[in-house]
Amino acid sequence: MNAPLRRVAVAVFVLFALLFVNLNYVQVVKGDDYRNSDLNERVRISSYERPRGLIMVEDQAIAQSVETDGRYKFQRKYPQGELYSHVTGFQSMIYGTSEIESAENEDLSGQSDKLFVRRITDMITGKKSKGANVILTLDKEVQQATANALEGQKGAAISLDPKTGEILSLVSLPTFDPNPFASHTDKPQKDAWANLNGDKENQPLLNRALRQTYPPGSTFKVIMSTALVEDGLTADSEVDAPNQYTAPQTTKYIENFHGETCGNGVKVTLEFALQESCNTVFAKLGVEKLGAEKIKEKAKEFGFGSPMKVPTDVAASQTGDLPDPPSVAQSSIGQRDVRMTPLQGAMIAAAVANNGKLMTPYLVKKVEAADYTTLSTTRQKTLSTPMSDSTAGEVQKMMHAVVQDGTGKRAQIDGADVGGKTGTAEDGDERQDHAWFIGYAIVDGQPVAAVAVVLENAGKSSASSAEIAGTIMKSIIQQRANR
């Protein structure tokens, strides 16, 4: 064979080898991806052959599948779309799934191993298979009260049962209607996606309750108070209360809100310092008594630094590195690099209310088959114990003083022992401050609810924003406290 023919033969051999490799790559390596891709029309049709399971809040379906006359046999509907949008999320042919629709997709779609025997039985009997129903922990009255109280604001509110960790309400505003995403034609889905993602200022698709972190401002002083009590102080301990505090290694001082004097400007009790939210007290104690490692460790015990699933994803709250005394001073009042989610704020209040025991938050109570047979139930679990019972008693006393005599008076509820902490957090030089309120209610010795409210860029007026946040918290807690 001459050289030119040899080269042609080698080239043909290489091309056949590449074709063989590509064929195996497509069929073996990428086969499952292509077969299961949402872009595969057969997969699309197949996934709509059976009704998707319900998402339930008590006796109400907040996501359901209805039969159609088209080639896609079932379509998703969200009867109270905007009220629960950041809980249910959406199911879309183009954009996939989000929130509970995503986290519980295997159960809802009927593909879960929990339903294997039922799928086999249905195949033998010829019965149409159905997805499993997901029953949530939400309290529909508390959810509605949360949405009503937060209406007109940009921000989030979330409430927990401190004894169990059950999420009772979850509202993030602005909200959105998930129904267009369930359309069987492309235009409504694409229009909704473009409009919602195009709103960069309001970001309606963002779940602020779980995945937005904010500087917590003075609400972080609850963690500081816990650490200080565990380090030997009590609510009645007298501490220094200067008008200004300058940490070592800096010439910039920290002062109280609007430069106000804390008490007599010399000494106050730790309880009074939390009640009036004295920045200088906590900045000084953070630097001179606790230090960076104790602050970070105590925050970690409350859940900082760890991403979570409830089962939807939750962003990790952070303290930052705290490398020097100035950073410790600023972080001790919830500024600098400290960031937390509203869920984390509710967890702090829940741990205090539950005598120091922090339960793992969760949103799914149980999963049921279409015949209402229970397939799985979420077990209550202790996440951590960030404080002793005696420490919790001291911190409860201080948070009670905040509501009775301090910055959180708007949260008072007749017949309930309410504790709370307001917070005003700077969000850079160009933006308005965030307003926070975290708190809890104890009725007849039992904690009934823990709540966190954040009003995004609510304004510089601490008094008015704290009052609004406190009123919102009161509205939420009343639904549980008055039962």
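Student: Which residue of β2 is the bridge partner of Ile55?

Tutor: Start with the rule: two strands pair if DSSP finds at least two bridges between them. Here Ala63 in β2 is the bridge partner of Ile55. Three bridges join β1 to strand β2 (residues 60-67), and the two run antiparallel. Before going on, note that this is a predicted model, where local features need pLDDT of at least 70, side-chain atom pairs count only at pLDDT 80 or more, and totals for chains, interfaces and linings use all residues. Residues are numbered from 1 along each chain as its sequence is written, and side-chain values use heavy atoms, with hydrogens and water left out.

Student: How many helices and strands are there in the chain?

Tutor: Helices (H or I, at least four residues) and strands (E, at least two) are DSSP runs, numbered from the N terminus. The chain has 18 helices and 21 strands.

Student: What is the strand order in the open sheet of six strands?

Tutor: Strands of a sheet pair through backbone hydrogen bonds, either parallel or antiparallel. In this open sheet the order is β3-β2-β1-β6-β16-β17, with mixed pairing. β3 (74-77) and β17 (374-377) are the edge strands, each pairing on one side only. On average, neighbouring strands of the sheet are turned by 25 degrees against each other, direction ignored.

Student: Which strands does helix α4 touch?

Tutor: Contact means heavy atoms within 4.5 Å. Helix α4 (residues 81-88) packs on the sheet and touches β1, β2 and β6 (133-136). Its direction makes about 90 degrees with that of β2. Such axes are lines fitted to C-alpha atoms, for helices over the stretch in contact, and angles run from 0 to 180 degrees between N-to-C directions.

Student: What share of contacts joins residues at least 24 apart?

Tutor: Take contacts in the chain between residues at least 6 apart in sequence: 69% of them join residues at least 24 apart.

Student: What percentage of the residues is buried?

Tutor: Buried means under 20% relative accessible area, exposed over 50%, and partly exposed in between (1.4 Å probe, protein chains only). Of the 483 residues in the chain, 52% are buried. The accessible surface comes to about 21800 Å², with 49% of that belonging to carbon and sulfur atoms. Those areas come from the Shrake-Rupley method with a 1.4 Å probe, and for residues only the protein chains shown count as cover.

Student: How many salt bridges does the count give?

Tutor: A salt bridge is a side-chain nitrogen of Lys or Arg within 4 Å of a carboxyl oxygen of Asp or Glu. The count comes to 21. One of the salt bridges joins the side chains of Arg52 and Glu101, at 2.9 Å, N to O. This pair links distant parts of the chain, 49 residues apart: Arg52 sits in the loop between α3 (41-47) and β1 (55-57), Glu101 in helix α5 (residues 99-103).

Student: Are Arg52 and Glu101 buried or exposed?

Tutor: Arg52 counts as buried, at 9% relative accessibility. Glu101 also counts as buried, at 0%.

Student: Which residue meets Glu99 in a salt bridge?

Tutor: Its partner is Arg211, at 2.2 Å, N to O. Glu99 lies in helix α5 and Arg211 in helix α10 (residues 208-211), 112 residues apart. Glue the accessibility on: Glu99 is buried at 10%, whereas Arg211 is partly exposed at 31%.

Student: What does the salt bridge between Glu456 and Arg208 tie together?

Tutor: Their side chains meet at 2.8 Å, N to O. Glu456 lies in the loop between β21 (446-455) and α18 (462-481) and Arg208 in helix α10, so the pair ties together parts 248 residues apart in sequence. Glu456 is buried, with a relative accessible area of 13%. Arg208 is buried too, at 0%.

Student: Which residues are linked in a network of salt bridges?

Tutor: Asp139, Asp161, Lys163 and Arg480 are linked in such a network.

Student: How many aromatic pairs does the structure hold?

Tutor: Rings of Phe, Tyr and Trp (its six-membered ring) pair if their centres lie within 6.5 Å; planes under 30 degrees apart count as stacked, over 60 as edge-to-face and the rest as tilted. The structure holds seven pairs. Among them, Tyr95 and Trp193 are stacked, 4.2 Å centre to centre with 10 degrees between the planes. Tyr95 is in the loop between β4 (91-92) and β5 (96-97), Trp193 in helix α9 (residues 186-198), 98 residues apart. Phe176 and Phe181 have ring centres 6.4 Å apart and planes at 85 degrees, so this pair is edge-to-face. Both Phe176 and Phe181 are buried.

Student: Which residues do ring pairs link into a cluster?

Tutor: The cluster links Phe90, Tyr95, Phe176, Phe181 and Trp193.
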